[in-house]
Amino acid sequence: MRKRIVFSVIAAVLAAWIGMADAQAADEEVQATIKQLQAQLEAQQKELKQLKNQQVDVAELLEKQRANEDKLYKVADDIGNVDWLHGFKISGDLRLRYQGQSYRGYNQTVDKDKSKPWRNRSRIRFRIGFEKTLLDDQFLVAARLATGDYDTKYPGNNEPTSTNVTMTNDFSKKDIWLDQAYVKYTPKFLKGLEVIGGKMPTPMVHTDMIWDDDVNPEGFWAQYKYSQLPGGFKPFVGAGYFIVKENSQYDYNDCTMADFELGFDWELAKDFKWTLAANYYVWDNYQYSYNYGAANGNDVDSDKNLAAGAFRVFNLTNEFKFKFLGKENKAYFDWAYNCADDDPNYDYKNQNKAYAVGYKFGNNKKKGDWSVGYKYAYIEANATPGYFADSDFGYVNKKGHVIDAKYNLADFLTVGGKVFLTQDIAGPMAGPTDVTTLFDVEWKF
């Protein structure tokens with residue numbers, strides 16, 4: 001019995017000890033699990049903190065990137081929109097020309113038996129121009145460079161009536177000249193006023209009977225056009241003062257030209273406009289040999305002065321623009337009279353009048369456009385200074401016909417041609433017909 005009790009007590013002690021051991025083991029396991037969980041939590045918190053820091057860095061990086069992009073866009077915008085580029089334009093053209101003409105007028109001093117009857121020339125014209133507007137488009141500053149051949153009378157000077165340069169002289173380099181350089185002022189406080197100074201496109205209403213298309217006079221011009229009258233009637237008045245020749249020698253008179261213009265633009269109907277302009281040109285001292293560039297059809301006396309004595313030219317120009325058969329049309333009539341002509345030479349007496357009529361059907365603006373034109377002109381020897389008249393026509397002391405056509409192969413590319421059939425009006429070369437043919441290929445940009 002006692003053994004059973006002792007055994008029971010021992011068993012109970014063992015059971016309690018084992019239980020305590022198990023509890024302790026369980027507690028240690030729990031503690032270990034807790035520690036493991038705490039370690040995992042700390043690791044997760046550390047990772048979360050790192051992620052949070054990384055997110056902050058990414059946000060800052062994105063913000064910096066956006067700021068840099070803004071700076072980049074601003075720089076790009078400034079490059080594309082700097083102040084000096086506003087209102088700045090570049091334009092130009094390149095023309096290749098074949099020119100064939102009867103050689104009679106170019107070989108008068110050569111033995112006719114040895115002269116060739118036909119002259120063939122290949123020619124180039126290149127022009128590039130720049131424009132810039134200022135002060136809310138009230139000022140226009142412009143310049144243009146162009147090719148040009150030398151003047152025959154004044155080596156070193158180019159002809160004012162041509163921007164062509166002939167392919168010749170052993171592949172020599174060709175000259176580029178200052179063709180235009182002027183400032184135009186159109187104030188907003190007085191709408192209709194225009195003031196120009198410098199070497200400018202011919203500003204007065206004109207045709208090539210008086211002014212070749214390549215002439216750019218030098219001096220000052222002002223015009224005012226009033227556009228507030230009803231019925232599309234816009235009268236205008238203009239005046240200009242131009243320097244033709246400034247002489248450094250004290251005994252040589254300077255040569256100037258003044259012009260006074262009066263006229264109107266009148267829109268008589270939709271797509272029908274009539275322009276009428278009267279110009280009075282006063283040339284001072286132009287007749288002296290040291291002032292004019294070349295006679296080019298004007299009569300010359302024994303002292304090589306122009307025999308007309310003086311040029312006071314009244315010019316009346318009518319121009320009509322209208323639409324017909326869906327095409328733009330232009331017709332004109334031009335008339336001129338030299339009031340101061342006093343040529344004593346019988347063959348040239350009273351040779352002081354000129355007139356021209358012309359018509360053009362169509363226009364050349366875009367691919368597929370075409371135009372055709374015709375002109376007849378009768379320009380007596382002393383009607384106007386020959387040095388500035390249409391050079392292709394033969395200047396002055398000429399009468400004859402011109403037929404032309406042009407076609408747009410592309411918006412920027414045209415092909416065209418002209419035929420001139422002309423005769424001298426007075427003098428020893430009067431009678432026979434001169435023939436000139438032109439064929440052009442022209443690129444514009």
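**View 1. Thr256 and its contacts.** Leaving aside neighbours within four places in sequence, Thr256 is in contact (heavy atoms within 4.5 Å) with Tyr241, Phe242, Val244, Val282, Trp283 and Asp284. This is a predicted model: local features need pLDDT of at least 70, side-chain atom pairs count only at pLDDT 80 or more, and totals for chains, interfaces and linings use all residues. Residues are numbered from 1 along each chain as its sequence is written, and side-chain values use heavy atoms, with hydrogens and water left out. Thr256 sits in strand β9, residues 255-269. Strands (E, at least two residues) are DSSP runs, numbered from the N terminus. Is Thr256 buried or exposed? Thr256 counts as buried because its relative accessibility is 14%. Buried means under 20% relative accessible area, exposed over 50%, and partly exposed in between (1.4 Å probe, protein chains only).

View 2. Two strands pair if DSSP finds at least two bridges between them. Strand β14 (residues 370-379) runs antiparallel to strand β15 (residues 398-410), and ten bridges join them. Here Tyr378 stands opposite Lys399 of β15. β15 also pairs with strand β16 (residues 413-424), again antiparallel, over twelve bridges. A hairpin of two residues links β15 to β16. Ala410 has Leu413 in β16 as its bridge partner.

**View 3. Two cysteines.** How many disulfides does the structure hold? The count is zero; a disulfide is a pair of cysteine sulfur atoms within 2.5 Å. Cys255 has 0% relative accessibility, so Cys255 counts as buried. Cys339 is partly exposed, with a relative accessible area of 45%.

How values were computed: Helix = DSSP H or I, 4+ residues; strand = E, 2+ residues; numbered from the N terminus.
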